[in-house]
Amino acid sequence: ETHFCQFEQVYFSRGDSILGEERVMVQQERLGRTLAQECPAPSYADIVMGVPDSGVPAAYGYAMESGIQYDQRGLQRLHGVGRTFLEPVHDLRVQGVDFKLSIIPEFLSGKVIVVVDDSIVRGNVTPRVVYLLKNAGAREVHMRISSPPIRFGCIYGIDTFRIENELTARGIGTVEEIQQKINTLIRERYNAPYELDSLGYLSLEGMKSTWRGKEGLCDACWTGIYPVK
């Protein structure tokens, strides 16, 4: 039996590639729409933006479903920096995140912002994003993730099994506790009083509902159930 890696759909695959029966960007936009249904933002939110680049399609879907204005101008990515969560040394991961993300304060100051990202793996990107936006004058930052909490390592292709104990959600029971952990990381890394105002994840059922394909799916990094023992 064939099993597609659903993390490929959520994060790794190019938007113009096809998994199952659809292009990935169409599926990622649907992830965002489903996320907006399950984890609505405060009604007074000003804008929705994605963490570039992989969070952008889901952010657009979230904005379309919620009716909140989509505005990506305030958060930009410097291309040429790779997948930072796979760097072998913690300092390199943090430096990579610091280097690849930049902000334009004129589009952020005074705003209540909903930020959509595809996943939280080691917890390096999310604290940086919250710090940048709050430091630029954002009134509130609400993070929405278009996949469930990653609690288990991949033993097949992504090779996160070796860092399983470093996963942000590993051994943490509730979303509220994950949010507290992120806020602690913000204080420790940036010595700043900023906090993430809310955190929401797409459910496993919601994520699976976006798939259009006859093949099975591997969801081991979320469930710990591996198709091949």
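Does Y226 count as buried, partly exposed or exposed, and at what relative accessibility? In this predicted model, Y226 has a relative accessibility of 21% and therefore counts as partly exposed, since the buried class requires a value under 20%.

Helix α6 was examined next. The helix runs over residues 175-190, and its 16 residues should span 22 Å at 1.5 Å a residue. The buried residues of α6 are I178, Q179, I182, N183, L185, I186 and Y190. Because these residues cover an arc of only 155° around the axis, they lie on the same side of α6. An α-helix has 3.6 residues a turn, so residues three or four places apart point the same way. E176, Q180 and E188 are exposed on the other side of α6. The residue that follows α6 is N191, with a positive phi near 50°.

Y11 is buried, at a relative accessible area of 10%, whereas F12 is partly exposed, at 21%. Y156 and Y226 form an edge-to-face pair, with 6.3 Å centre to centre and 70° between the planes. Y156 lies in the loop between β9 and α6, and Y226 in the segment after α8, so this pair ties together parts that are 70 residues apart in sequence. Y156 is partly exposed, with 40% relative accessibility. One aromatic cluster is made up of F7, Y11, F12 and W222.

Terms used
Residues numbered from 1 in each chain as written. Predicted model: local features only at pLDDT ≥ 70, side-chain atom pairs only at ≥ 80, totals over all residues. Heavy atoms only, no water. Helix = DSSP H or I, 4+ residues; strand = E, 2+ residues; numbered from the N terminus. Expected span 1.5 Å × (residues − 1). Buried < 20%, exposed > 50% of the residue type's maximum accessible area, 1.4 Å probe, protein only. Arc of directions from axis to C-beta. Phe/Tyr/Trp six-rings, centres within 6.5 Å; stacked < 30°, edge-to-face > 60°.
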